[in-house]
Amino acid sequence: MAKKPVDPKEVTTPTEFPAVVPRDLHPTTDIRFVIHELGKLTSLVARLIDDVDTHGKKIGEVKDAINFVKGALWVIGGVVVLGGAITSLILSGKISIAFH
């Protein structure tokens, strides 16, 4: 249905205006929301930096422990090889030549 044409004599300017605050179309237009989200992001980044720092320290500790075990294995291997060499010399009788 078509609207009836409005008579220009009946058109008037409103005398009262709404007394409510217009609502925002999107919550991001409120600067408080942006500041709040930025604060959350800042705290999460600080937490991430702390976590990465502690992981770096843990990795360093594991690396040091691995290096210690590798060194101990080298020493133990050297002692075993040296002990085996001395034992074989004793059993073969060649060591007695060195003591005479």
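Predicted model: local features only at pLDDT ≥ 70, side-chain atom pairs only at ≥ 80, totals over all residues.
1. A residue is called buried when its relative accessible area is under 20%, exposed when that area is over 50%, and partly exposed in between.

2. Arg47 is itself exposed, with a relative accessible area of 54%, and both Asp51 and Arg47 belong to helix H1, where four residues, or about one turn of the helix, separate them. In general, an α-helix has 3.6 residues a turn, so residues three or four places apart point the same way.

3. How many salt bridges does the structure hold? There are two, and besides the pair already described, Lys40 forms a salt bridge with Glu37, with 3.2 Å between the closest N and O atoms. Lys40 and Glu37 are three residues apart in helix H1, which means that about one helical turn separates them. Lys40 is partly exposed at a relative accessible area of 40%, and Glu37 is likewise partly exposed, at 31%.

4. Turning to the nonpolar side chains, Ile31, Phe33, Val34 and Ile35 make a surface patch of about 360 Å². Phe33 lies in helix H1, which runs over residues 31-92, and this residue is partly exposed, with a relative accessible area of 34%. A residue needs over 30% relative accessible area to be counted in a patch, so Phe33, at 34%, passes that cut-off.

5. After H1 comes Gly93, whose phi is positive, near 85 degrees.

6. For the chain as a whole, the secondary structure comes to two helices and zero strands. What share of the 100 residues counts as buried? The share is 0%, which means that under 20% relative accessible area is the limit to keep in mind when reading this value. The chain exposes about 9900 Å², and carbon and sulfur atoms supply 70% of that area.

How values were computed: Residues numbered from 1 in each chain as written. Heavy atoms only, no water. Patch = residues over 30% accessible without salt bridge, like charges linked within 9 Å, V, L, I, M, F, W, Y side chains within 5 Å. Areas by Shrake-Rupley, 256 points an atom, 1.4 Å probe, with all protein chains shown as cover. Salt bridge = Lys/Arg side-chain N within 4 Å of Asp/Glu carboxyl O. Buried < 20%, exposed > 50% of the residue type's maximum accessible area, 1.4 Å probe, protein only.
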